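Welcome, and thank you for opening the viewer. Let us walk through this structure one selection at a time.

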Amino acid sequence: MTLMTQQERLRGELESLVAQYGTARNALMPILQEVQRKYYRIDDYAIQVIADLLDIHPVEVHSVVSFYSFLDFKPKGRFVVRLCQTLCCEMADKDRVARQLSNDLGIEFGQTTPDGKFTLEYANCIGMCDQGPALLVNDKVHTRVTPEMVNQIIESCRQVFGLHATQPMEH
Amino acid sequence: MITSTCKNLTFATIEAGAGLKRALELGQAGIIREVTDSGIKGRGGAGFPSGVKWNLCAAAKDPQKYIVCNADEGEPGTFKDRIILTTYAGLVFEGMTIAAAAVNAPKGILYLRGEYTYLREQLEAELQALRDDGKLGENACGKKGFTFDIEIRMGSGAYVCGEETALIESLEGHRGEPRNRPPYPVNTGFDGHPTAVNNVETLAWISCILNKGSDWFRQHGTEKSTGLKLFSVSGDCDMPGVYELPLGITVDQLLAEVGGSNAKAVQIGGASGRCVPGSQFDRKIAYEDIPTGGSVIVFGPGRDMLDVAQNFLEFMVEESCGQCTPCRYGNPTLLEGVEMLRNGRCSAGYLKELVSLGESVQISSKCGLGQSSANAFLSIIEHFKEEIMGRTVDAV
């Protein structure tokens with residue numbers, strides 16, 4: 001048995017993604033989206049390998065990652081909480097939900113908890129305007145969120161980690 | 001699944017597959033004639049006649065063509081496409097297949113916004129069911145030589161990708177920066193091939209039109225804005241949700257329908273739309289008067305309109321792709337102006353300058369986002385000067 005470094009593992013994964021989506025430039029977004037989903041970030045190494053495999057300059061990949069708000073260079077938490085900040089949710093008092101999220105997670109918006117479990121962000125309109133305030137936890141949507149509900153939403157995420165988990169778990 | 005209130009939608013009464021069946025009997029020219037006769041214009045908000053679009057795409061000489069369904073519903077206050085994709089996705093896929101038959105495209109792509117990832121699994125399952133049923137794939141719908149399949153591609157959280165050329169850039173693996181038009185996607189679209197980009201709702205209506213006939217569609221709406229339209233209603237009203245109403249309805253009528261009659265203003269068309277004050281509630285919601293992709297946000301008597309202007313400008317500042325200067329620099333400057341107004345530190349002269357800047361942004365920006373980014377600000381300044389100028393309280 002040989003030990004694989006994390007980079008070797010990532011490279012293998014990227015190669016199989018490229019095998020799946022192809023080497024055309026139009027395969028870039030699905031590949032990046034997969035990497036983000038699995039690794040909670042797209043780091044320099046991944047950017048270089050993807051660029052090599054698609055035969056484009058790494059700056060091309062970098063520029064795409066920098067453009068989209070759901071793609072990140074910095075590691076995101078296992079759970080990304082995105083509170084809608086656009087008008088209808090704002091009118092439905094999203095500020096109180098924001099305050100409670102910040103209190104319960106112990107971080108400000110734009111930050112990730114030190115244990116890497118949660119990232120707190122704002123999102124622009126998530127299409128739940130008639131049911132605000134609304135937020136996404138990864139791909140799951142919560143509507144008519146009250147400050148009281150925040151704790152429950154976060155606790156249901158925490159259960160995934162188990163009592164003594166020190167590492168974010170794989171999907 | 002979280003559902004919104006929506007009652008009595010035509011989509012619920014449409015027999016699956018009937019429109020497509022008739023379309024395949026009509027053939028290319030027949031479909032395009034039917035869609036053109038219906039007068040349907042793009043339901044995403046830009047209002048380009050769908051029949052003309054398909055005709056141009058059909059006329060383009062290239063064996064590789066694409067049908068793209070724009071499901072990047074990002075306009076603040078809009079959620080009708082979410083409802084359609086949740087409950088009536090079959091009509092959308094049917095509409096895409098009709099489009100494919102009309103322009104002779106072998107491939108369709110549904111570009112779904114990243115925020116709606118939770119819809120993907122169900123949509124993939126519906127596509128698979130259509131494939132298993134022979135409705136998609138080679139010799140689709142039992143028609144020899146008709147090949148069509150649909151792939152779902154995801155967005156990654158960029159409002160500007162709802163603009164059709166930015167959407168195509170994103171599909172191609174680039175930053176979602178809009179292109180100059182012309183060339184239009186119907187000639188030079190995805191990977192350089194002719195591409196018809198249609199909104200989710202447009203495609204669903206086209207399935208209905210092929211089923212019930214263009215005359216049925218024309219019975220509703222006005223001469224220039226034919227047919228029915230879905231409205232996403234939110235804000236200060238008793239019954240927010242999705243409403244199916246004929247185009248040409250007045251703001252007053254709509255407000256009565258949704259229980260928002262005491263509104264002081266209504267934002268029609270989202271962040272890129274316009275704010276309509278109470279004195280103009282007799283105006284029509286139609287392409288020839290107040291155009292909209294269907295976003296209606298109601299403001300009750302207690303709302304501060306400067307908050308509205310600020311929220312929309314913050315939205316535009318964040319979502320501007322940054323490619324062209326008027327939008328990139330203009331909107332932050334307008335936002336600073338809102339701050340000054342909020343603090344009661346904006347002279348009438350400077351306010352005039354801001355309005356003039358907003359107008360420059362409208363005429364000199366490259367894409368639809370930039371051109372409409374100052375709309376909300378300008379209409380609020382125009383109609384609510386009284387409440388905006390000379391503030392004495394520092395709100396912040």
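Start with both chains of this predicted model. Show the residues where they meet: 52 residues of chain B are in contact with 32 residues of chain A. About 3200 Å² is buried between the two chains, and carbon and sulfur atoms give 56% of that area.

Next, select R82(B) and D130(A). They form a salt bridge, with their closest N and O atoms 3.7 Å apart. The count of salt bridges between chain B and chain A is one. Polar contacts link 24 residue pairs between these chains, counting pairs with both residues at pLDDT 80 or more.

Now color the side of chain B that touches chain A. Elements giving two or more residues to it include strand 3 (149–154), helix 6 (164–171) and strand 5 (228–235) of chain B. Helix 10 of chain B provides the largest share, six residues. By type, this side holds 20 nonpolar, 19 polar and 13 charged residues.

Move on to the cysteines. How many disulfides are there over all chains? The count is zero. Select C84(A), which is buried at 3% relative accessibility.

Finish at helix 3 of chain A, residues 44–54. Its buried residues include A46(A), I47(A) and L54(A). Among the elements covering the buried residues are helix 1 (6–21) and helix 4 (58–67) of chain A. Just after helix 3, D55(A) takes a positive phi of about 60°.

How values were computed. Residues are numbered from 1 along each chain as its sequence is written. Chains are lettered from A and ligands numbered from 1 in the order in which they are written. This is a predicted model: local features need pLDDT of at least 70, side-chain atom pairs count only at pLDDT 80 or more; totals for chains, interfaces and linings use all residues. Side-chain values use heavy atoms; hydrogens and water are left out. Buried means under 20% relative accessible area, exposed over 50%, partly exposed in between (1.4 Å probe, protein chains only). Helices (H or I, at least four residues) and strands (E, at least two) are DSSP runs, numbered from the N terminus. Contact means heavy atoms within 4.5 Å. A disulfide is a pair of cysteine sulfur atoms within 2.5 Å. Buried area is the accessible area (1.4 Å probe) that two parts lose on being put together, summed over both. A salt bridge is a side-chain nitrogen of Lys or Arg within 4 Å of a carboxyl oxygen of Asp or Glu. A polar contact is a pair of N or O atoms within 3.5 Å; within protein, one must be able to donate a hydrogen and the other to accept it, and residues adjacent in sequence count only if both atoms are side-chain atoms. Ala, Val, Leu, Ile, Met, Phe, Trp, Tyr, Cys and Pro count as nonpolar, Asp, Glu, Lys and Arg as charged, and the others, Gly among them, as polar.
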